[in-house]
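Colleague: Can you walk me through this model? Start with whatever you like, and keep it simple.

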Amino acid sequence: MKGAWSFPAGWREGAGRLFSALGFRERRCVACREPFEPDALPRHAVPSPEETAAFFLCPGCRTQIRRREAGFCPYCGEPSALEDAPCTSCSDCMMHLPPWNDFLFFGVYEGLLRDLVLRAKFGGSLAALDMLGLLLAGVCAGHYEAAPAPSVVIPMPLHNARLRERGFNQCLELARPVVKALGVPLCTDVLVKRVSRTPQAMLGREERRKLAQPFEAVRRVDGLHILLIDDVCTTRATMQRAVECLLAAGAFRVDAAVVARSSRHGQGGGPALP
Ligand SMILES: [Zn+2]
Ligand SMILES: [Zn+2]
């Protein structure tokens, strides 16, 4: 009805957060909004992805979100057509290995995981963002039990115009639980994303070169082992540029972690929500 007052977008999640902060349990599934009895999160340990799913999702939705544990390229996460295929190098990585060291991801960008990523990014769902951040924290904590831990975590930056439009950088929000789980500092003042509004044809050679590298390191990161966080890895290009930028600024090693890796074989490359 025209002129009718309505709750602002995301109020339900905000209310759920407040409810949780007051000691009550959120009893609605983050995916389908149906009431359910959640399992408690462990108090003194980083929740595993399964424990996170059991806290945020009803039993029916839990079955639709699965960690990819086989059938992907060990260098860039590119999923194979078969979920249970052995992990072997994809054709791109056979030609050129990516510039990062370890690549971590939770699942394939499709189905419910894709819906939740889009809801967290464009739909203002703080509960979905919380859930995805904890899923990623569980993946990272598990990985670094057996590998040298990073010295800092850096979220993939958003350029300022996009940040003003959206109001938050989802990668920064995803990085917060990872930082907490690993006990390492969060670093948001190194990597920036630049944007050009000038048509390419009007740019000189130097400007065009800069545009091909949309990231800039505004200070040195000599000797640091960096964990770079992004929400989705669609093609390797963006992650590759950001990692190259950090290595050029002196990083000793860069690992990459994303919530979801898109697949050439699935529905993951579809249009994003407005
Ligand atoms: Zn559900
Ligand atoms: Zn690969």
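Modeller: Let's begin with one pair of residues. This is a predicted model, and in it Gly107 stands opposite Ala260 in β6.

Colleague: Which strand is joined to β6, and by how many bridges?

Modeller: β1 is joined to β6, residues 253-261, by five bridges, and the two strands run parallel.

Colleague: What holds strands of a sheet together in general?

Modeller: Strands of a sheet pair through backbone hydrogen bonds, either parallel or antiparallel.

Colleague: OK, back to this one. What is the strand order in the open sheet?

Modeller: The order is β1-β6-β5-β2, four strands with parallel pairing. β1 (103-108) and β2 (152-155) each have a single partner strand, so they stand at the edges and one side of each lacks a neighbour in the sheet.

Colleague: And what does the twist average from one strand to the next?

Modeller: The twist from one strand to the next averages 20 degrees.

Colleague: Switching to helices. At what angle do the axes of α6 and α8 cross?

Modeller: Roughly 45 degrees, and the axes come within 8 Å. α6 covers residues 126-143 and α8 covers residues 170-182.

Colleague: Is the crossing of α6 and α8 left-handed or right-handed?

Modeller: The crossing is right-handed.

Colleague: Which residues meet there?

Modeller: On the α6 side they include Leu129, Leu132, Leu136 and Cys140. On the α8 side, Leu174, Pro177, Val178 and Ala181 are among them. By class, the contact of α6 with α8 has twelve nonpolar, two polar and three charged residues.

Colleague: New topic: where is Arg66?

Modeller: Arg66 sits in the loop between α3 (59-62) and α4 (91-95). The C-alpha atoms of Arg66 and Pro49 are separated by 9.0 Å, and these residues are 17 residues apart along the chain.

Colleague: Why does Arg66 count as partly exposed?

Modeller: Because Arg66 has 17 other C-beta atoms within 10 Å. A buried residue needs 20 or more, and an exposed one has 12 or fewer, so a count in between is partly exposed.

Colleague: How much of the whole protein counts as buried?

Modeller: 36% of the 274 residues.

Colleague: And how many helices and strands are there?

Modeller: Ten helices and six strands.

Colleague: Last one. Of the contacts between residues at least 6 apart in sequence, what share joins residues at least 24 apart?

Modeller: The share is 73%.

Definitions and conventions
Residues are numbered from 1 along each chain as its sequence is written. Chains are lettered from A and ligands numbered from 1 in the order in which they are written. This is a predicted model: local features need pLDDT of at least 70, side-chain atom pairs count only at pLDDT 80 or more; totals for chains, interfaces and linings use all residues. Two strands pair if DSSP finds at least two bridges between them. Axes are lines fitted to C-alpha atoms, for helices over the stretch in contact, and angles run from 0 to 180 degrees between N-to-C directions. A crossing is left-handed if the near helix is turned anticlockwise from the far one by less than a right angle, and right-handed if clockwise. Two residues are in contact if their C-beta atoms, placed from the backbone, lie within 7 Å. Ala, Val, Leu, Ile, Met, Phe, Trp, Tyr, Cys and Pro count as nonpolar, Asp, Glu, Lys and Arg as charged, and the others, Gly among them, as polar.
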